[in-house]
Amino acid sequence: MSEKIRFELGQAGLPPAWYNLNADFPQPLPPPLHPGTKQPLPPEALEAIFPRNLIDQEISAEPWIEIPEPVRDIYALWRPTPLLRAVRLEKALNTPAHIYYKYEGVSPAGSHKVNTSVPQAYYNKAAGTKRLATETGAGQWGSSLAFACSLFGLECNVYMVKVSFDQKPYRRMLMHAWGATVHPSPSGETEFGRKLQAGDPHCPGSLGIAISEAIEDTVKTPRTKYALGSVLNHVCLHQTVIGEETIRQMEMAGEEPDVIFGCCGGGSNFAGLAFPFLRLKIREGKKYRIVGVEPSACPSLTRGELRYDFGDTAETTPLMKMYTLGHKFIPPSIHAGGLRYHGMSPMVSHALQLGLIEARAYHQTRVFEAAIQFARTEGLVPAPESAHAIAAVVDEAVKCREEGRKRVLLFNLSGHGMLDLSSYESYLHGKLADV
Ligand SMILES: Cc1ncc(COP(=O)(O)O)c(C=O)c1O
């Protein structure tokens, strides 16, 4: 064996706590506002949709929040996840760069989303919730929540963006396997859904619409709460197990990253990897460059406006300060369904505004080209979402070759693409267009 390519922590290496970047931001995060009064939202106002224990995490400024034992026990089914060095991709690119990736696709649902669905189900169960309502795009989040609900004995009701419900049956089947109920959104289940259906029977749906339906369902159904798979502070918090593990694994590899990449939909897998490294950047003056990568077709970070906006189409959420394309924006039906959200996590948005991170956008054909190159060198077929980070890593590695400079590149491979093969087929048959 020449190079060591796999860095494993073992079960004892599970982090004891999640890290909260809100404790270290050089300027405080702008608070959510009440849409009527435009005043900071009192935390009690969130109790209609979230349990108090999760609201406490949402507004916490504590740097560390202990991971409860029952959550750690479930995390242990797949965590700590491996860190790998992509030596074959390095060789194919003929680059002096060293490329590392943290692989979250080993989880039961195939992505990082279970890092937060499990604690969200746990805290809801502890608070007496019987049923969770949520939205999902291509089904990654819905299946992750269905899995978590099945372990904690909660009912799970999912509004799935209609175009994905019709085109991506396998994650819908996965949700059924884990016992969830799944509706195509816009649905006939809610007033908002019925109104949209009446206006346009062929409406393809969007995440913003599905969120509105899930929230309406929550407030109208007893003992039901709402769960969100990205964007919010407590979701980013739960994802930090990714970066905490990675810091230790990079130490095992004996290297420090120069540039860190993650794809950005609502911002949670990016936050999960980046925020622990941002702590070191802020507290210890580390010089990492940290890059969020998004689709050119839904470019909230690179072309959105930083302002207060709603998180959903029906204007039922509080106003959040974020980079946004506007809550009425319906993104084109690109194949990275999980990156089709009009806004960006307020914490990720704040980090960008403070100059702590950078952002880049890629068209989907370039993303699939990089995904195929990764699959043909490293073997894993990445989720189209994660492949956005790969495209940016490949470009950076090529730059390293052109400049004759070694840099250490690290990215989050947030999920596998084994349920996205029809998208790969479209790409390989030349049927994919840039929109
Ligand atoms: C594999 C994968 N990566 C990334 C994302 C984007 O979400 P986020 O930005 O919250 O990580 C999704 C969303 O569904 C996903 O399924």
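A: Let us begin with a definition: two strands pair if DSSP finds at least two bridges between them. Please bear in mind that this is a predicted model.

Q: In which sense do strand 5 and strand 15 pair, and over how many bridges?
A: Strands of a sheet pair through backbone hydrogen bonds, in either a parallel or an antiparallel sense. Here strand 5 (residues 98-103) and strand 15 (residues 408-413) are parallel, with six bridges between them. Within this pairing, Tyr101 has Phe411 of strand 15 as its bridge partner.

Q: In what order do the seven strands form the open sheet?
A: The order is 1-4-5-15-10-11-14, with mixed pairing. Strand 1 (6-7) and strand 14 (358-362) each have a single partner strand, so one side of each lacks a neighbour in the sheet.

Q: How many residues surround the ligand, and of which classes are they?
A: There are 18 surrounding residues, the closest being Ser230, Gly265, Ser268, Asn269 and Ser414. By class, the shell comprises four nonpolar, 12 polar and two charged residues.

Q: Which polar atoms lie by the oxygen and nitrogen atoms of the ligand?
A: A polar contact is a pair of N or O atoms within 3.5 Å. A polar side-chain atom of Ser414 is 2.7 Å from a ligand nitrogen atom. The protein covers 96% of the 390 Å² of accessible area that the ligand has on its own.

Definitions and conventions: Residues numbered from 1 in each chain as written. Predicted model: local features only at pLDDT ≥ 70, side-chain atom pairs only at ≥ 80, totals over all residues. Heavy atoms only, no water. Near = heavy atom within 4 Å. Polar contact = N/O pair within 3.5 Å; in protein donor to acceptor, adjacent residues only side chain to side chain. Areas by Shrake-Rupley, 256 points an atom, 1.4 Å probe, with all protein chains shown as cover. Nonpolar A, V, L, I, M, F, W, Y, C, P; charged D, E, K, R; others polar. Helix = DSSP H or I, 4+ residues; strand = E, 2+ residues; numbered from the N terminus.
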